[in-house]
Amino acid sequence: MSAGRDSSADVGVQAWQAQLEWLFARQRFGVHPGLGRVQALLTRLGSPQASFRAVLVGGTNGKGSTAATLAAMLEAGGVRTGLFTSPHLTHFTERFVVDGQELPEEVVADALARVRPAAEALGASFFEIVTALGALLFAEAGVQVAVMEVGLGGRLDATNALEPALSVVTNVGLDHTEFLGDTPQAIATEKAGILRAGRPAVVGVAPEVQPAFDAPGADLWRLDDHLLDLRLRGWQGAQVTLRTPAGPLTLQTPLLGRHGARNAALAALAALRLGVPAAAVTRGAAGTRWPGRLETLPWGAGRVLLDGAHNPDGAQALAATLEELQVGPLPLVFGAAGDKDLGGVVAALRPAVSEVILTRAVLSPRAADPRALAELFAGLPVTVTDTPAAALEVLAGRAAPLALVCGSLYLLGEVRPLLLGRAGERRERWQ
């Protein structure tokens, strides 16, 4: 390669890093619910969201795996599909996927450079900028349907500035109570804000919060009205049979656990409502991959199970899945954000744990000091480490056939590249 091409590549890398430094610095400004700024930003960008159909996927847990499954089904049906998710695990470009492929850094960097002046003029927040960036990228990539994972709540989340052709809500649990309210009903009302009167919606919520989702007057399908059969298949995932207008539809999903199967079923209902053929729904379900959520990777002579369980409901679903898989108490590598209900998380996990290796996501200022977490695991053997790499070194010495890593997606974002022998981003993570 010539010196000139090397120099050009260096300039491109520097420009990309400079754009990310600017954007990531805006994380420190926090979360500012509301739609005014992001609507104004989209308008200044030429309303890119008008060029595709949007699907909003909200919920307390499982929205990422539901969105990923729905995207896979759309792609299998020949629909050019964008998938917008947050947060990313390891690399920022994971947030912007078109037909199963992350958009290249240079494409994202160029679009971000064009978004920046308007974002600065409007005082847009990190997530507002990222949402508008996703809309612009998808429009310019010729996406037909964009599956957009909702960030926080729904009613006032930046993604709700897009007018959905279909809305999906997985479930409702107590999380982000400082923004959404401290009762399931209050949180349900916020999440129901992504539904639109007269437009299709599918929900997998519990009966006690169902009235909040009936209120907007959407053309609503409820998962439990359509779920005919759910059979867990251990490490192979699950088989699900749904009632559809064309008759029963059976699909296989590699997503583990009962909650994973329900997420796949919800995605299938959403795909059918978007007109995806049944054969494509089954192909997409079988081909879904969603890193960091009940994902198994090799480590040493054994395996590590990674999961992003970071709230009590997520931890309960994880513990139930471990019981379904009939695995004994496991060594646990744990680190979490300090603003979560960690007592509830630990209470759910304790029966599944043989010992605990505490650590923290080095790049996340929100991460709790691992020493402060030790008392939550009183009665279990506890080792405290300062970094994910040190935690994995301790784990390697245990020679366990299977171990668990969970507590924070930011922790998983640092652990996963270590397990795979890859480089991760070295940038502070707040959102």
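Biologist: In which strand does Asp 307 lie?

Modeller: The model under discussion is a predicted one. Within it, the strand that holds Asp 307 spans residues 302-307. That strand is β13.

Biologist: Is Asp 307 buried or exposed?

Modeller: Burial is judged by relative accessible area, and the cut-off for a buried residue is under 20%. Asp 307 has a relative accessible area of 8%, so the residue counts as buried.

Biologist: Which residues does Asp 307 touch, leaving aside those up to four places away in sequence?

Modeller: Contact here requires heavy atoms within 4.5 Å. By that criterion, Asp 307 touches Gly 292, Arg 293, Leu 294, Leu 318, Val 405, Cys 406, Gly 407 and Leu 412.

Biologist: How far apart in space are Asp 307 and Ser 408, C-alpha to C-alpha?

Modeller: In sequence, 101 residues separate Asp 307 and Ser 408. In space, their C-alpha to C-alpha distance is 8.3 Å.

Biologist: What distance separates the backbone nitrogen of Leu 294 from a polar atom of the Asp 307 side chain?

Modeller: The side chain of Asp 307 has a polar atom 3.2 Å from the backbone nitrogen of Ala 309. For the backbone nitrogen of Leu 294, the distance to a polar atom of that side chain is 2.9 Å.

Biologist: At what angle do helices α10 and α12 pack?

Modeller: Two packed helices are described by the angle between their axes and the distance between the axes. Helix α10 covers residues 257-273 and helix α12 residues 312-324, with axes 6 Å apart. The two helices are therefore roughly perpendicular to each other. The angle is about 110°.

Biologist: Which residues of α12 are met by Gly 257, Arg 258 and His 259 of α10?

Modeller: By class, this contact of α10 with α12 has 1 nonpolar, 3 polar and 2 charged residues.

Biologist: How many residues apart in sequence are the parts tied together by Arg 37 and Glu 128?

Modeller: The side chains of Arg 37 and Glu 128 form a salt bridge, with an N to O distance of 2.9 Å. Arg 37 belongs to helix α2 (residues 36-44) and Glu 128 to helix α5 (residues 126-140), so the pair ties together parts that are apart in sequence by 91 residues.

Biologist: In which helix does Arg 416 lie?

Modeller: Arg 416 and Glu 295 meet through their side chains in a salt bridge of 2.8 Å, N to O. Both residues are buried. Since Glu 295 lies in strand β12 (residues 295-299), the pair ties together parts that are 121 residues apart in sequence, and the helix holding Arg 416 (residues 409-420) is α16.

Biologist: How many salt bridges does the structure hold?

Modeller: A further pair is Asp 214 and Arg 222, whose closest N and O atoms are 2.6 Å apart. Asp 110, Arg 114 and Glu 140 are linked in a network of salt bridges. The structure holds salt bridges to the number of 18.

Methods
Residues numbered from 1 in each chain as written. Predicted model: local features only at pLDDT ≥ 70, side-chain atom pairs only at ≥ 80, totals over all residues. Heavy atoms only, no water. Axes fitted to C-alpha atoms, helices over the stretch in contact; angles between N-to-C directions. Helix = DSSP H or I, 4+ residues; strand = E, 2+ residues; numbered from the N terminus. Parallel < 35°, antiparallel > 145°, perpendicular 65-115°, else oblique. Nonpolar A, V, L, I, M, F, W, Y, C, P; charged D, E, K, R; others polar. Buried < 20%, exposed > 50% of the residue type's maximum accessible area, 1.4 Å probe, protein only. Polar contact = N/O pair within 3.5 Å; in protein donor to acceptor, adjacent residues only side chain to side chain. Salt bridge = Lys/Arg side-chain N within 4 Å of Asp/Glu carboxyl O.
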